[in-house]
Amino acid sequence: MTASSANAPGLRAWLTSETPSSPLQARCIQVYLGWLGLARNPLAMLGLAIVVCLILAAIFAPLLAPYDPIAQDLQRRLLPPGTPGNLLGTDELGRDILSRLLYGARITLYVVALVVVTAPVFGLLIGTVAGYAGGWVDTVLMRFTDIFLAFPRLVLALAFVAALGPGIGNAVLAIALTSWPPYARIARAETLTIRNSDFISAIRLQGASPLRIVTGHVVPLCLSSVIVRVTLDMAGIILTAAGLGFLGLGAQPPLPEWGAMISTGRLYILDQWWVATMPGLAIFTVSLGFNLLGDGLRDALDPRSSR
Amino acid sequence: MSLAGSRPGGRGGFLSSRQGLLKVGRVLATLAVTLLGLLLITFLIGRVMPIDPVLAVVGDRASNEVYEATRKAMGLDQPIIVQFFTYIGEVVRGDFGTSLLTSRPVIEDIARVFPATLELATVATLLGVSLGIPAGVMAAVHQGRWPDHVVRLVGLFGYSMPIFWLGLMGLLIFYGKLDWVAGPGRLDIFFEDVVPQVTGVILIDSLLAGDFEVFANALSHIILPASVLGYYSLAYISRMTRSFMLEQLAQEYITTARVKGVSEARVIWGHALGNVMVPLITVIALSYASLLEGSVLTEIVFAWPGIGFYITNALLSADMNAVLGGTVVVGIVFVGLNLLSDILYRVFDPRAR
């Protein structure tokens, strides 16, 4: 994909070979073919572009932002978009909205990244163990999952944040605690379909321990469906985080969190519409990007469920 | 379809057979475990919170004796498992304690605010169903062509938009700029308490009282928040309708009907949609449940005095009794609606029995 043209034919042949000579090559071929499928879908590419822009904005925020995101300038408060120097206008404390949006990308990415490395891992663990072990372990773990599924997510997250206290770390914890059950369900369903296959029996007869079978052989096979679901869920994570921020329970001022920005902009909505509109557009664009990418990934990696 | 799906002869109805009773028993057991787990979670949340519930009652200048006596009176000196069972007993009796904010029993507060949420979620679901099902059917019938793309895009936007922002934009445009609808709240201030409260649902109460002015005002207040919420239910319902319809339209009985010369409209709206209605009922019940929850943010934006508004305000003033009581009630309603959708599915689809 990023290879220079000189070795491209060789790399390409290696990536499309029908007789892979190593597990590494087989895996690379799989990824490459998945990528080809994804690249054919223009909407998925648009989603990928949005996500890449978000990541770049987060990394290079100090270089891209014209102002300090928390520097106040009361002489220049509530300027409309298009004012020279403040492309998207300024907020009630004279802070540049564009700069705040760019730095806010860091918070959004931070929340998404933290939830994504915790909730699916936990869900995967619960689901594969339940599915592989079966019997009472399965019953207990799945009942436990169902209890969390039975709760409305936002309300449960609200109650958690209420107990733990507001703040971005606790918001992440609350979102992670409420978003793992679907992954456990998916992982269990996948595990049940492969548990009795011949290759698992073969490994077991070779003397592999249950731990090794689950981590080394079952989990990798569940990964692709979980990854697809994670991408589809990222928009939901962003929206929940923004909702908590909007309620004043997520990131605290003066952090430029997008939901919290909308919350302050709400006071000026009728006369200075841009203060609340701009961060909302940012949230909308980024969630749309993740949704488009997730749809595309599902079509490319999991053709069964696409229709 | 109906022949293939009918239950084997000789077996009784839904409940009369022994297997049916066993199934009911299993459902009830699951329900009990789920509700118990729900209470365990709220109980633990109430225990891990950094606020000392005794201090909240006696204040931080109380003497040690008063503190200990209050602690004992609140049952906090008991083992944690005893406390949990005491808690269950209280919840079963509908006792969630007293709200610090309103100094009234939490259950009374909830009974007062719940109809507002119910009203909002119901109007939103009606909007979502009446637009979502036709949209989903059109998308399935014209699969891959522009109606399909439009419905998909509308759904995708719905899934990607922060609901509180959409509400604010709605207020800005339709209330601030165009002045087509009334602003936040359930009624204009001079219409409040005009009609006697019977159900707590103003749209119904005003009709019962025959006061159409109040009805019109309430309608003007509810239409924007209900549309915002309904948009989400529309996104979900149209997507599910589309995929169910595609499944049905590929079946052989559809071809048979067409070959027999049944009109296309009847094939689609009669034969196919008729069979789609069963799974759709489940979808609608689930979306109704999620609207009860999704209304938290909408209620804040529109200052709608429902349960989401109540929980959030309690939360911001550290009124834990109210927060946990509200959470339990929302959780129970959620579980109840899930169960209802499951039962409806079993009643309407003989294969699922």
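1. A residue counts as buried when its relative accessible area is under 20%. A:Ala184 has a relative accessibility of 0%, so A:Ala184 is classed as buried. The model discussed in this note is a predicted one.

2. A:Ala184 sits in helix H9 of chain A, which covers residues 181-195. Leaving out residues up to four places away in sequence, A:Ala184 touches A:Gly123, A:Ile126, A:Gly127, A:Met142 and A:Thr145. A:Tyr268 lies 84 residues from A:Ala184 in sequence, and the C-alpha atoms of these two residues are 43 Å apart in space.

3. Chain A as a whole is built with 13 helices and zero strands. Its pattern along the sequence is accordingly written α-α-α-α-α-α-α-α-α-α-α-α-α. Along the principal axes, the C-alpha atoms of chain A fill a box of roughly 75 × 55 × 30 Å. Chain A has 307 residues, and buried residues make up 50% of them. Taking contacts in chain A between residues at least 6 apart in sequence, 67% join residues at least 24 apart.

4. For chain A, an unreviewed UniProt entry lists "domain: ABC transmembrane type-1" at residues 105-294. In the model, this span is 83% helix and 0% strand.

5. Residues 43-67 of chain A are 84% helix and 0% strand, with end C-alpha atoms 33 Å apart. For residues 234-253 of chain A the figures are 65% helix and 0% strand, and the end C-alpha atoms lie 24 Å apart.

6. Turning to the interface, 40 residues of chain A are in contact with 47 residues of chain B. The area buried between chain B and chain A is about 4,100 Å², and 78% of that area is on carbon and sulfur atoms. On the side of chain B, the residues that lose the most area to chain A are B:Ser160, B:Phe164 and B:Trp165; together they account for 14% of what that side buries.

7. Which charged and polar pairings are counted between the two chains? Between chain B and chain A there are zero salt bridges. Five residue pairs are in polar contact between chain B and chain A, both residues being at pLDDT 80 or more.

8. Several helices of chain B each supply at least two residues of the side that touches chain A: H2 (18-48), H7 (146-160), H8 (163-177), H10 (212-249), H12 (264-301), H13 (307-316) and H14 (320-348). By class, that side of chain B has 32 nonpolar, ten polar and five charged residues.

9. B:Thr34 is a residue of helix H2 of chain B. Is B:Thr34 buried or exposed? Its relative accessibility is 8%, so B:Thr34 counts as buried. Apart from neighbours within four places in sequence, B:Thr34 is in contact with A:Ile147 and A:Ala150 of chain A, and with B:Val335 of chain B.

Terms used: Residues numbered from 1 in each chain as written. Chains lettered and ligands numbered in written order. Predicted model: local features only at pLDDT ≥ 70, side-chain atom pairs only at ≥ 80, totals over all residues. Heavy atoms only, no water. Contact = heavy atoms within 4.5 Å. Buried area = accessible area lost by both parts, 1.4 Å probe. Salt bridge = Lys/Arg side-chain N within 4 Å of Asp/Glu carboxyl O. Polar contact = N/O pair within 3.5 Å; in protein donor to acceptor, adjacent residues only side chain to side chain. Helix = DSSP H or I, 4+ residues; strand = E, 2+ residues; numbered from the N terminus. Nonpolar A, V, L, I, M, F, W, Y, C, P; charged D, E, K, R; others polar. Buried < 20%, exposed > 50% of the residue type's maximum accessible area, 1.4 Å probe, protein only. UniProt positions renumbered as here; feature names shortened; annotations may be inferred.
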